Amino acid sequence: MESSSKIISSLKRPELVQTQAYVNGNWVSSTSGDSFAVNNPALYPKSEAKIAEVTSMTLHDFNNAIEAAHRAFSTFQKTSGRYRAGLLHDLYQLMMENKDDLAKLVVLENGKPYADALGEVTYAASFFQWYSEEAPRVYGDIIPSSNSTNRILAIKQPIGVCGIMTPWNFPLAMITRKLGAAIAAGCTSVIKPASETPLSATALGYLSQLAKIPPGVVNILPAAESSSVGKLITEHPLVSKVSFTGSTAVGKILMKQSASTLKKLSMELGGNAPLIVFNDADIDKAVTGAIASKFRSSGQTCVCANRLFVHEDVYEEFSNKLVAKLEETTTLGNGFSPDVTHGPVIHDRSMKKVRQHIEDAVSKGAKVLYGGSTRPDLGENFHELTVLGNVTTDMLIAQEETFGPVAPLIKFSTDEEVIQLANDTRVGLAGYFYANDVTRIFKVAESLKVGMIGVNTGAISEASLPFGGVSESGFGREGSKYGIDDYLITKSVVLGGID
Ligand SMILES: NC(=O)c1ccc[n+]([C@@H]2O[C@H](COP(=O)([O-])OP(=O)(O)OC[C@H]3O[C@@H](n4cnc5c(N)ncnc54)[C@H](O)[C@@H]3O)[C@@H](O)[C@H]2O)c1
Ligand SMILES: O=CCCC(=O)O
């Protein structure tokens, strides 16, 4: 397999690889001179794994960026929606023109297969396209007053400087879903990407420069360390909104910190999605959907099915077909190999959790139906796609998000039982079920305590979907016509004396 540097040198537009931060329209290095290594998880810890050394911005640098974003806001907030639509449209086009290079960067940093990375580029770009269409359509209201001489206007205005913090599993899309809405609304942003995947983020900075986004509107600052940056952003008086995607544990810390300045918050946090196969389901479709949902990005998406509940009447058929299809259609390996369908997990912490969940389940009576082992022959971060049978709810894997390639199968008998089991978690992001009876479809969809449901599909994500969770999966919606609201405030204007 080619080294990371060889792949970088094969890019059609090498300028996409930026190892500095993008602040106020300039490429700058950390004032401390510090930097950190970005590694390809498929090759790690081999020396060929190193992709680049990226600048590690300090709190002082973040402070400067926030001040620049604040200055830029004073003019950007007054621009028209139509003008911002043009900027977003250009960004969309630039992403699509450079999709092959961007996909290579995503494979390098994240490890997902090239086809999936290309899919991510298109998905990420679609948020710029979507918000280019929303930007000119931010409507207010004229509200009848109870006083006949008054008129009430409700106008929508951009909230201000946004602090955006994102994870590594969708290094482009988790940024564009927020940034697209922020630009459409007329906000400016300071973005701290995950330290595992800063190059995809700085590539977006480069494209925003090409798109002539005014200086200070988009600021992208890689940093090796997250918690002090998170604290600075959440407590900074010039930041009006914080949007975070990541774990529930970190979301809670950021929310607490934000209390001191009462920021408007969007929290896209962890999930523990149930996928239910009822006895009237089309089993072949359920198998396809389960693989699409559970094993997307090797199980590392927040909307991945985490618990597969299968009705006892179809359990045997479903589990046999699932194993057969995985055997037939999946290949684990380096994301640049054309036949590879699934890549590594991101790092050793993820691997530890995967192993812990499998070992705990097996020690309590679960049976490995497929996979089950690490693949050191492929690399330190590779784990076989795995199916566990006879899983029960006392096992860790049924209680916590694995965020890795393990599908636990849990048998159930009645609709009431499975709804209770599916809802027995403190998080509620996505849920899926396969059924054909219309009454059941309505009842189950209305009973699951989640923000998003796939009925007879394992793939729900797209720009037009209101994306977000309930309970400890967070709040706020991204994408869709609702996503822009998170970046707007409603101001009421009462016109009096209209006699
Ligand atoms: N709901 C969603 O849309 C969504 C999307 C992707 C991932 N996730 C969730 O994220 C988790 C997996 O990602 P992870 O393990 O990298 O999550 P994580 O919360 O540990 O990290 C996410 C990001 O936050 C940063 N971070 C960590 N501690 C921080 C702090 N104190 N202040 C500020 N930033 C901090 C990290 O460096 C990273 O960039 C899973 O729980 C998954 O469900 C949710
Ligand atoms: O991992 C979280 C986001 C995944 C998606 O947008 O489908």
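**Close-up views of a predicted model**

View 1. Phe475 sits in strand S21 (residues 474–475); strands here are DSSP E runs of at least two residues, helices are H or I runs of at least four, and both are numbered from the N terminus. This is a predicted model, in which local features need pLDDT of at least 70, side-chain atom pairs count only at pLDDT 80 or more, and totals for chains, interfaces and linings use all residues. Residues are numbered from 1 along each chain as its sequence is written, while chains are lettered from A and ligands numbered from 1 in the order in which they are written. Leaving out residues up to four places away in sequence, Phe475 touches Met267 and Gly468 (contact: C-beta atoms, placed from the backbone, within 7 Å).

**View 2. The open sheet S5-S6-S22.** Its 3 strands pair antiparallel (pairing: at least two DSSP bridges between two strands). Strands S5 (141–143) and S22 (488–495) stand at the edges with a single partner strand each, so one side of each lacks a neighbour in the sheet. Strand S6 (residues 151–158) is joined to S22 by 8 bridges. Pro158 has Leu488 as its bridge partner in S22.

**View 3. Helices H3 and H5.** The axes of H3 (residues 81–97) and H5 (residues 114–134) come within 7 Å and cross at roughly 165° (axes are lines fitted to C-alpha atoms over the stretch in contact; angles run from 0 to 180 degrees between N-to-C directions). The two helices are therefore roughly antiparallel (angles over 145 degrees). Residues in the contact include Leu88 and Tyr92 of H3, and Val121 and Phe128 of H5.

Conventions: Two residues are in contact if their C-beta atoms, placed from the backbone, lie within 7 Å. Angles under 35 degrees count as roughly parallel, over 145 as roughly antiparallel, 65 to 115 as roughly perpendicular and the rest as oblique.
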